[in-house]
Amino acid sequence: MHAEHRCVRCGPVAPLHVPEHISAEIMASVVDRMAADPDPADRLRMPLWCPWPLPPGWTLTGVAWAGDDRAGVRATLVACAGPAPLDGGPADLIFVAEEPGVGLGSRYAGLPGPDPGPQVEEALTDPGPGHPERLPHAKIRVDGHPTPLWLVRSETDRSAYAGEARGMWLHAIAWPASAGHLLAEEVVLHDLTEWTPPELVYGAPSPYLHGRA
């Protein structure tokens, strides 16, 4: 008998909570749930990273969090969708913030293990042929600060980037793989737990939060 949630491959895991639909009311309820988390004396409070302003034509398509009443919120996810930057076709992008060892970002990227640390370390030590400098593959702004992201190996139908913000992992995963080019543009992430813009536009639920990924 085990008190915690368990995966047959990974062992104990934080349970994932994914609302079936997305709306301003559902987003507000998730923010309220996170605000009700017991004050983590030895942990940082989890952010809900969302591009703001959203790229033209994009909508917010999902939100999720991992954790339970005992351990609190240990990871969050925000999904959005819109026209791809290269061909204008449909594209999906999710941002995951998580404590080390949770594995939510790795699960959506299709990476082995709970953290992208080994792959980020490889990108830092071996930038690849023709790249003598260890330049990040994408650079976005988080809390007003330039934040580097590194391309990590993922399933071929997506592109995945990983970095660090507020002392925890930050993942950006895009479908199709070419949609990752959106991160080459000026993307600014805002924490929805601090303020949820009333101008946010909500779209159809992301299929990648409901079994497609």
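**View 1. C50 and H190 meet where two strands pair.** In this predicted model, C50 has H190 of strand 12 as its bridge partner.

View 2. Follow the strands across and you will read the order 3-5-6-7-11-10-9-8-12-4, with mixed pairing. Which strands stand at the edges? They are strand 3 (16-17) and strand 4 (49-51); each has a single partner strand, so one side of each has no neighbour in the sheet. Look also for helix 1, residues 24-35, which lies across strand 5 (59-68) and strand 6 (72-83). Helix 1 runs at about 30° to strand 5.

View 3. Strand 12 covers residues 188-191, and D191 is part of it. Is D191 buried or exposed? Its relative accessibility is 2%, so D191 counts as buried; the cut-off for that label is under 20%. The side chain of D191 makes a polar contact of 2.8 Å with the side chain of T193. Setting aside neighbours within four places in sequence, D191 is also in contact with P47, L48, W49 and R166.

**View 4. V187 lies in a loop and is buried too.** You will find V187 in the loop between strand 11 (168-175) and strand 12. V187 counts as buried because its relative accessibility is 6%. Not counting residues up to four places away in sequence, what does V187 touch? The answer is P51, I140, R141 and L182.

**View 5. Strand 11 is mostly covered and pairs with two strands.** Eight of the eight residues of strand 11 are buried. Strand 7, residues 90-98, pairs with strand 11 in the antiparallel sense over seven bridges. Strand 10 and strand 11 also run antiparallel, joined by seven bridges. I173 is a handy landmark here: this residue of strand 11 is the bridge partner of I94, and A160 stands opposite I173 as well. Now look at the hairpin of strand 10 and strand 11, which has two residues between the strands; there R166 takes a positive phi near 55°.

View 6. To describe two aromatic rings, we give the distance of their centres and the angle of their planes. How many aromatic pairs are there? The count comes to one. The ring centres of W175 and Y208 are 4.0 Å apart and the planes stand at 10°, so this pair is stacked; the stacked label asks for planes under 30 degrees apart. Because W175 lies in strand 11 and Y208 in the segment after strand 12, the pair ties together parts that are 33 residues apart in sequence. Both W175 and Y208 are buried.

**View 7. R107 lies over the ring of Y108.** Here R107 is placed over the face of Y108, at 4.8 Å from the ring centre.

Terms used
Residues are numbered from 1 along each chain as its sequence is written. This is a predicted model: local features need pLDDT of at least 70, side-chain atom pairs count only at pLDDT 80 or more; totals for chains, interfaces and linings use all residues. Side-chain values use heavy atoms; hydrogens and water are left out. Helices (H or I, at least four residues) and strands (E, at least two) are DSSP runs, numbered from the N terminus. Buried means under 20% relative accessible area, exposed over 50%, partly exposed in between (1.4 Å probe, protein chains only). A polar contact is a pair of N or O atoms within 3.5 Å; within protein, one must be able to donate a hydrogen and the other to accept it, and residues adjacent in sequence count only if both atoms are side-chain atoms. Contact means heavy atoms within 4.5 Å. Two strands pair if DSSP finds at least two bridges between them. Axes are lines fitted to C-alpha atoms, for helices over the stretch in contact, and angles run from 0 to 180 degrees between N-to-C directions. Rings of Phe, Tyr and Trp (its six-membered ring) pair if their centres lie within 6.5 Å; planes under 30 degrees apart count as stacked, over 60 as edge-to-face and the rest as tilted. A charge sits over a ring if NZ of Lys or CZ of Arg is within 6 Å of the ring centre and within 35 degrees of the ring normal.
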